[in-house]
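Me: Please walk me through a few features of this structure. I would like to know how to read each one.

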Amino acid sequence: MEFLIAFAIFDPVNTEIMTLLLMAAGSGSRYGKLKQFDDLGPNGEFLMEFAIYDAIQNNFEQIVVITKKENVAFLEEHLSKRIPNNIEFNVLAQELTDLPDGVTFTGERKKPWGTAHAVWTARKVIDGPFVVINADDFYGQSAYKKAADFMKSDNDAFALLGYTLKDTLSEHGSVSRGVCEVKGDNLVAVQERLKLVQKENSIVDEDTNLEFTGDEQASMNFWVCRPSIFDKIESEFRIFLKDEDRIANSELYIPFMIQEMLQAKEIEVKCIPSGGDWFGVTYASDKEKAMNSLKEKSDSGKYPAPIWK
């Protein structure tokens, strides 16, 4: 009697699932409402639903949404009806009371601790490579493919999916952007510029009067991260909470964390041109353009209509 024995080769890289983490805890002060939950799609979809769809199409297997406590139940109900059942799905609340072990805070504060803290909120549900994005930005389908390819091919490095600065401005007011310094394909630094506006032949930061050509790579908060960032955020958060000047109104930001890790040579960060057609809804007057763009993409077949069957 002959026996056929098959051996499965265990590849630890393939056991890690890819996660999309969406930050949806903002207040939409300039937009006038919670833009994360505005029906911008041609069939009433939220903007974040297009990001989730793009991620799933590129083999992401877990979706994590960070939002305010009062929005958790609503988002769980809304998205769980749409996201395929084989996708792991978590909605987590970013709360002021979520602090490192042994640390207390008894002061007065209304706004959250910042985007880095939003990422840290997911530390107990993410244990593999993950992408961090804003829930109120559209990043383009190619960005998710490039991010997925990068995560599959590189086990250690972080990455930033960059966008051409001149393509990220608003016609309706100044914007804040992280302008990148890049050497080869390595990210050297990201400098936050707070009031960028288009002038005749250049882009000017009205806060510093610095001028840019517009061809620079800009960070739109599309990061490929590794779980090691959670320990870094906690370490910096402990320092932050001891600083009485910062604790009142300052925030911890993801670019700051990655910049700190870069300078300490703890990580390598690649800057990958996204090739995507980014747009956002900073102001209420950006809404019509966003809706028209999403309708055009659906009409042309880039997305099914409705997006979820």
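**Reading the model**

Reply: Start with a space: the second largest pocket holds about 330 Å³. This is a predicted model, where local features need pLDDT of at least 70, side-chain atom pairs count only at pLDDT 80 or more, and totals for chains, interfaces and linings use all residues. Residues are numbered from 1 along each chain as its sequence is written, and side-chain values use heavy atoms, with hydrogens and water left out.

Me: How is a pocket found, and which residues lie nearest the centre of the second largest pocket?

Reply: Rolling a probe the size of a water molecule over the atoms shows where empty space is left. Here a pocket is an open set of points on a 1 Å grid over the protein atoms alone, where a 1.4 Å probe fits, with protein on both sides within 12 Å along at least five of seven lines; lining residues have an atom within 4 Å of a point. The volume is the space filled by probe spheres set on the points, which are joined across faces, edges and corners. In this case 18 residues form the lining, and L169, S170, F279, D286 and K289 lie nearest the centre. Strand 13 (279–280) and helix 8 (287–299) are the elements giving two or more residues to that lining. Helix 8 gives the most, with four residues. Helices (H or I, at least four residues) and strands (E, at least two) are DSSP runs, numbered from the N terminus.

Me: What is the make-up of the lining of the second largest pocket: how many nonpolar, polar and charged residues?

Reply: Four are nonpolar, eight polar and six charged. Ala, Val, Leu, Ile, Met, Phe, Trp, Tyr, Cys and Pro count as nonpolar; Asp, Glu, Lys and Arg as charged; the others, Gly among them, as polar.

Me: Which residues of helix 2 are buried?

Reply: Buried means under 20% relative accessible area, exposed over 50%, partly exposed in between (1.4 Å probe, protein chains only). In helix 2 (residues 72–80), V72, L75, H78 and L79 are buried. Seen down the helix axis, they fall within an arc of 140°, so they line one face of helix 2. The arc is taken from the directions from the helix axis to the C-beta atoms. Their cover includes helix 1 (47–57), strand 2 (62–67) and strand 3 (88–93), with contact meaning heavy atoms within 4.5 Å.

Me: How many salt bridges are there?

Reply: Side chains of opposite charge can pair when their charged atoms come close. The rule asks for a side-chain nitrogen of Lys or Arg within 4 Å of a carboxyl oxygen of Asp or Glu. The count comes to 16 salt bridges. One of them joins D98 and R123, at 2.8 Å from N to O. D98 lies in the loop between strand 3 and helix 3 (115–120), and R123 in the loop between helix 3 and strand 4 (130–134), so the pair ties together parts 25 residues apart in sequence. D98 is buried at 16% relative accessibility, whereas R123 is partly exposed at 22%.

Me: Where do K270 and D185 lie?

Reply: K270 and D185 form a salt bridge, with the closest N and O atoms 3.5 Å apart. K270 sits in strand 12 (residues 269–273) and D185 in the loop between strand 7 (175–183) and strand 8 (186–198), so their pairing links parts 85 residues apart in sequence.

Me: Which backbone details deserve a look?

Reply: Check phi and omega. N59 has a positive phi of about 75° although it is not a glycine. N59 is in the loop between helix 1 and strand 2. A cis peptide bond joins A305 and P306, with omega about 0°.
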